[in-house]
Amino acid sequence: MINRRKALKSLATLPFIGSFLGANSLAANPSSAAIVSSVRRDFFKELGLRTFINAAGTYTSMTGSLMPKEVSDAISYGTTEYVNLDELQDKVGERIAELLECEYATVSSGCFGAMSIGMAGILTGMDPKKVKQLPNTEGMRNEVIIQESHTIGYAQALTNVGAKVVKIKTARDLEKAINKNTAMLWFLNANTDQGAIKWEEFIALGKKYNIPTFIDCAADVPPVENLFKFTKMGFDLVAFSGGKGIRGPQSAGLLLGKRKYIEAARMHTPPRGETIGRGMKVNKEEVLGMLAALELYLQKDHKAEWAMWEAQVKLISDSALEIKGVETEVHVPKYANHVPSLRIRWNQNLVKITPNEVRDQLKNGHPSIQTVGDNSSVGITTWMMVPGQERIVAIRISEILSSAT
Ligand SMILES: *Cc1c(COP(=O)(O)O)cnc(C)c1O
C-alpha cells in the first residue's frame, strides 16, 4: 500500500500541487482537524450579530423559519455526493407530485422564484429561442391579468421576466381585458376576500378562454390541505414558499401543477445557462431539504401543533392581562399566515408607554424579542418560536408593561 507521504511526493510532480498541498496540509495537522470537528462554532456571535426570539412570524428580513433537524440532515447529506441536477429535480418533482396528488412539481428558489420561472415557462413554452430571448417578449403573448385588489409587490416576479401586468376589478372587466396577448391569469390567495372574483370563477374564466391560471399561496400553510386544494380545484400552477409554514430552506419553494407548464418553467432553470432563471439556482442540498421538510410537514400532528400555539398565545395573553388597563385579542387570519395571533393593547393613561416603545424594549432587551405591530398594538405569533420561548416572551412583556404603570 502506498503511504500518504509517498502519495504526496508523487503528486508533487503534477502541475496543480499548490492547491492540493493547501488542502492536505490542513487535514494533516491532527490537532487543528480535531478542533474544527469538535467545537460548534458560534458564527453569529463571531460576527457580532444578535440572534432573537421570533415572536413576529415568517419574515424574509428575520431569515424566515427554523429548519427541523430532519431537514438540516437532508441538507448535510446532500453535501457529501455528486448527482446530476436535472435527474435529481426530475425524481424529486415526481415524488412531490405523488405526495401532493398533483400532476407534477419542481423545487424553486422560493415562491418568488416559482412565480418567475412559472411565468417564464408560460411565455416561452418549450421553444429554446424564446427562452433565450426573455425578458424581451417580442413574438410572445405577454399580458398577465391580475385583480386590482390582488396587487402586491411580489408581482415583480412576473414583470421581471418580461410580462406586463393588466389590472381589472370584475369578471366582466377580465373578459374584456382578454385579447390575443393574454398569457396568464394570476391570483393572490392572501387577498381572496378583497377580490370580486373568487377561485372557481377565476379558474372557469381561464378554462373558457384557454388561458393558464396561477395562484400564489406563498404563506398559505397551515392549513396543510392547501397543498392539495388548489391543484385539485383546477389552477394550472400553484406556488408555495419553502421556508414559511413548511419550514424547509428559506431560499426554496414549490411550484406545483400541470406538467407541461412545469417542464417549460424548468427550461429557464439551471443547469441551463442562457436563461432568465440562471441566477435562481436551487442546488441538491436545498432540493433535498425541501423534500424532507415537505415529508415531515405532511406527517405532522397538525391538531396538536395548533393546540400548542393556542396554549402559548393564551399564556402570553394571560400574563399581559394581569396588568390593569391591558386588553388582548386572539385572531386567526383567514388566508395566509393562518395561525393564532395575539394583539395586545392598553389604555395609555394607565400604562404609560406606546406600543412602539414596548416593541423597541423587547427588541433591545435580553434576550432580544422581535414582534410586529403599529401605533395601537403589539402583535405576536408563536409558531416561529422554539417551544418554551413563549414563557420568556410572557415574562418580558409583563415586565415592560408593569414598569410603565
Ligand atoms: C412570502 C411571499 C412571497 C415570496 O416568497 P419567497 O418564498 O420568500 O420567495 C410571494 N408572495 C407572497 C404572498 C408571500 O407572502
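The protein chain holds 17 helices and 13 strands. The model is predicted. Its C-alpha atoms fill a box of roughly 80 × 70 × 35 Å along the principal axes.

**Packing and surface**
- The protein chain has 405 residues, and 47% of them count as buried.
- Take the contacts between residues at least 6 apart in sequence: 68% of these join residues at least 24 apart.
- The accessible surface of the protein chain is about 20600 Å². Carbon and sulfur atoms account for 55% of that surface.

**Charge**
- The protein chain carries 48 positive and 42 negative charges.

**Ligand shell**
- The residues around the ligand include Thr 60, Ile 152, Tyr 154, Leu 188, Ala 218 and Lys 244.
- Gly 110, Cys 111 and Phe 112 are also among the residues around the ligand.
- Helix 7, residues 110-124, gives the most to this shell, with three residues.

- Asp 216 uses its side chain, with a polar atom 2.7 Å from a nitrogen atom of the ligand.
- Ser 241 has a side-chain N or O atom 2.7 Å from an oxygen atom of the ligand.
- The ligand taken alone exposes 380 Å², and the protein buries 87% of that area.

Methods: Residues are numbered from 1 along each chain as its sequence is written. Side-chain values use heavy atoms; hydrogens and water are left out. Helices (H or I, at least four residues) and strands (E, at least two) are DSSP runs, numbered from the N terminus. Buried means under 20% relative accessible area, exposed over 50%, partly exposed in between (1.4 Å probe, protein chains only). Contact means heavy atoms within 4.5 Å. Accessible areas come from the Shrake-Rupley method with a 1.4 Å probe; for residues, only the protein chains shown count as cover. Lys and Arg count as positive and Asp and Glu as negative; His and the chain ends are not counted. The place of a charge is taken as NZ of Lys, CZ of Arg, CG of Asp or CD of Glu. A residue is near a molecule or strand if one of its heavy atoms lies within 4 Å of it. A polar contact is a pair of N or O atoms within 3.5 Å; within protein, one must be able to donate a hydrogen and the other to accept it, and residues adjacent in sequence count only if both atoms are side-chain atoms.
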